Amino acid sequence: MRSFDFAPLYRSTVGFDQIADMMDRVLTNDHAQNSYPPYNIEKTDEDAYRISIAVAGFSDQDLSVEVREKALIVSGRKADEDSQRSYLHRGIATRAFERRFHLADHVVVTGASHADGMLHIDLQREVPEALKPRQIEISGGTRSIGKDVVDAKSVN
């Protein structure tokens, strides 16, 4: 795959570096990224979303949810277990992980819950009033003429 150099874009634009960063992330090779733990992203309402991450074997104390620089960072680190346990088969992965989700503008995390081996993170898009579309009232087409203004037709 080709790699693109966005340095000229950074030199000639001001304030658009987040677009170039996003293009950099998209064009990087994502095949090497780990798929653990599995997750779902669902749209629960017009401006509401939920990220559900399968975290079987992790307790609330083992998980961390943090928002930093327009990114949601979910990480898990299992506390050291008893070394006296002897497994015949160990199929439940409880290895440490870190999963990053880049948040769009005006998307905020409203809460997180952990139940039945699933970590649910609720997100809401809160568009400021200044950016919402608004209807402009159209006034009538006739204008009233003041008393001190002389109409041009009456003078001629």
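**Sheet, core and aromatic pairs**

Me: In what order do the 3 strands of the open sheet lie?
Reply: This is a predicted model, where local features need pLDDT of at least 70, side-chain atom pairs count only at pLDDT 80 or more, and totals for chains, interfaces and linings use all residues. Residues are numbered from 1 along each chain as its sequence is written, and side-chain values use heavy atoms, with hydrogens and water left out. Strands are DSSP runs of E, at least two residues, numbered from the N terminus, and two of them pair if DSSP finds at least two bridges between them. The pairing here is antiparallel, and the order is 3-4-5.

Me: Which are the edge strands?
Reply: An edge strand pairs on one side only. That applies to strand 3 (63-68) and strand 5 (97-102).

Me: How many bridges join strand 3 to strand 4?
Reply: Strand 4 covers residues 71-76 and runs antiparallel to strand 3. Leu63 has Gly76 of strand 4 as its bridge partner. The number of bridges joining the two strands is 6.

Me: Which residues have the most contacts inside the largest nonpolar core?
Reply: A nonpolar core is a set of buried Ala, Val, Leu, Ile, Met, Phe, Trp, Tyr and Cys residues joined through side-chain atoms within 4.5 Å. Buried means under 20% relative accessible area, exposed over 50%, partly exposed in between (1.4 Å probe, protein chains only). The largest core has 15 residues, and the most contacts inside it belong to Ile53 and Val74.

Me: Which element gives the largest share of this core?
Reply: Strand 2 (48-54), strand 4, strand 5 and strand 7 (118-125) each give two or more residues. The largest share is 3 residues, and it comes from strand 7.

Me: Why is the pair of Tyr39 and Phe101 called edge-to-face?
Reply: Rings of Phe, Tyr and Trp (its six-membered ring) pair if their centres lie within 6.5 Å; planes under 30 degrees apart count as stacked, over 60 as edge-to-face and the rest as tilted. Tyr39 is in strand 1 (residues 39-45) and Phe101 in strand 5, 62 residues apart. Their ring centres are 5.1 Å apart, and the pair is edge-to-face because the planes stand at 85°.

Me: Which residues form one aromatic cluster?
Reply: Phe58 and Phe97 pair edge-to-face, 5.5 Å centre to centre with 90° between the planes. Both Phe58 and Phe97 are buried. The cluster consists of Tyr36, Phe58 and Phe97.

Technical notes
Helices (H or I, at least four residues) and strands (E, at least two) are DSSP runs, numbered from the N terminus.
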